[in-house]
Structure formats: structure tokens, C-alpha cells
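Please read them with the coordinates open.

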Amino acid sequence: MSCIEHICGEGSTESSNFVVEVQKSLSEIDTTSSSILDNPYLLLKSLEHFTPRKVVSLGNLKYMEAELHFQGSEFQNPLPFISGLPVGLSLDIKLHNILSESRLWIQMSCEEKLTQFVFLDLYEIEVDDEVRKFTFIAPFYQTPKANCFSLKICIVLECISDGDQLFRGCGGPKHEVVHLCEEKEVYFSVQVR
């Protein structure tokens, strides 16, 4: 509630009837009882004023999705690598309803500690269809000095607003990201001869 009061105090938005009623209920709870459990009616009363705001769409809504596939790499059959050197992973990617202006990244996480992003420049992929299929070699530069490791890989969409300046491929997303596919795990192991 304090965050909402702060936002409304800046004048960027007005409090809805629901917020006003919740504020009243909370102040009544503060003066009459020690807990909301003592008088839950006060909070239920404010729910009568809750109505979701109408959202106006100027066009058709389209579902955005990405599919990510790669060859092999089961736990019992890991991909070979040389400890400490980068690896390139061949990814078969299929994108549904994603515009060329979208900022897509391949997110690769190693052992939950280290995350690396690779920018997917959709202007480089010349397909004008709603479904794009292509193969991309994703480099992972920070392989651990170990005998084996795993990478968790997924495709994410960077959420940018209209006023943001676009810097293509500068180290990683600068805004929140949304996962467009399930995270997949790839296994690597040093090959012993």
C-alpha cells in the first residue's frame, strides 16, 4: 500500500475506488483491532469496489512463442568440450509471431552462478513469414575449468518501451525479460582418449 501511495503522491496516476477503500479499511483496522484477522469484513468490503480496468487494443493480439532444439546432449551422451575454451552450440530455432524489431536474446546459465546472453539480430534473418525457422551457433565463452558442466538455455524477449533507445547486442538486456520457451539443459564433458 505504501508503494501505491508513493506513486499516487507523485501525481503520475490517480487512486482507484478500490485503492481508496483499501486505505480506509487499513486505517480502520489500525484503530479498531490489532490484526486483519480480527475483522476480515473490512477488507471484504473493499473488494466490492474492485473492477478491472478496460484494456483497449488497437490491433489483433498475437501469441509470441519460441522453440529451441539442439542435437543430442543427453546426460549419458554429453557434447565434447575443452576445459577453459569457448564452445559453440548449434541451435535450431523456430519463432512464432515475433517482429524483426523485437530484442531477442539467448540466455545461457552455467551452474546457476554465471549467466551469459547472446543477441539474436532478427534483421539478419531474412524471413517475412509469421513463423521463422533458422539455425544459430550460440557461443558460450566462460566454460568452467572442470571435467563436465551443464548449460541451461532459453530464448528471452527484452521488454522495452517506446521511448527507450536501442543499442543492439551490448552485453545483455538492460530491461526486464520474458521467457519465450522452456529452459533446456545441455551437458558437456571433456573427452578422454
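1. Cysteines. A disulfide is taken as a pair of cysteine sulfur atoms within 2.5 Å. On that criterion, a search of the whole structure returns zero disulfides. Cys154 is accordingly in no disulfide, and the nearest cysteine sulfur, that of Cys181, is 5.6 Å away. Cys154 counts as buried because its relative accessibility is 0%; buried means under 20% relative accessible area, exposed over 50%, and partly exposed in between, with a 1.4 Å probe and protein chains only.

2. Basis of the notes. This is a predicted model, in which local features need pLDDT of at least 70 and side-chain atom pairs count only at pLDDT 80 or more, while totals for chains, interfaces and linings use all residues. Residues are numbered from 1 along each chain as its sequence is written, and side-chain values use heavy atoms, with hydrogens and water left out.

3. Overall content. The protein chain has three helices and nine strands. Helices (H or I, at least four residues) and strands (E, at least two) are DSSP runs, numbered from the N terminus. Along the sequence the pattern is α-α-α-β-β-β-β-β-β-β-β-β. Of the 193 residues in the protein chain, 30% are buried. A contact means heavy atoms within 4.5 Å. Among contacts in the protein chain between residues at least 6 apart in sequence, 71% join residues at least 24 apart.

4. The open sheet. Three strands form an open sheet in the order S1-S3-S6, with antiparallel pairing. Two strands are said to pair if DSSP finds at least two bridges between them. Strand S1 (65-69) and strand S6 (131-140) are the edge strands, each pairing on one side only. From one strand to the next the twist averages 30°; axes are lines fitted to C-alpha atoms, for helices over the stretch in contact, and angles run from 0 to 180 degrees between N-to-C directions. S1 and strand S3 (residues 87-96) run antiparallel and are joined by five bridges. Ala66 has Leu95 in S3 as its bridge partner.

5. Strand S4. Is strand S4 (residues 104-110) buried or exposed? Seven of its seven residues are buried, so S4 is largely enclosed by the rest of the structure. In a regular strand, side chains alternate between the two faces of the sheet. Both faces of S4 are covered, with Leu104, Ile106, Met108 and Cys110 buried on one side and Trp105, Gln107 and Ser109 buried on the other. Seven bridges join S4 to S5 in an antiparallel arrangement, and Gln107 stands opposite Phe117 in S5. S4 is also joined by seven bridges to strand S7 (residues 148-158), again antiparallel; there the bridge partner of Cys110 is Leu151.

6. The nonpolar core. A nonpolar core is a set of buried Ala, Val, Leu, Ile, Met, Phe, Trp, Tyr and Cys residues joined through side-chain atoms within 4.5 Å. The largest such core has 34 residues, of which Ile93, Leu104 and Ile106 touch the most other members. At least two residues of this core come from each of S1, S3, S4, S5, S6, S7 and strand S9 (184-190). S7 supplies the largest share, seven residues. Not counting residues up to four places away in sequence, Leu104 touches a set of residues including Leu95, Val118, Leu122, Ile155 and Leu180.

7. The loop between S3 and S4. Ser100 lies in this loop. Leaving aside neighbours within four places in sequence, Ser100 is in contact with Leu122, Tyr123 and Arg132. Ser100 and Leu122 are 22 residues apart in sequence and 5.0 Å apart in space, C-alpha to C-alpha. The side chains of Ser100 and Arg132 are joined by a polar contact of 2.9 Å. A polar contact is a pair of N or O atoms within 3.5 Å; within protein, one must be able to donate a hydrogen and the other to accept it, and residues adjacent in sequence count only if both atoms are side-chain atoms. Asn97 is found in the loop between S3 and S4 as well. Its phi is near 55°, a positive value in a residue other than glycine. Asn97 counts as partly exposed because its relative accessibility is 24%.

8. The loop between S5 and S6. Asp121 lies between strand S5 (114-120) and S6. Asp121 counts as buried, at 17% relative accessibility. A polar atom of the Asp121 side chain lies 3.2 Å from the backbone nitrogen of Tyr123.
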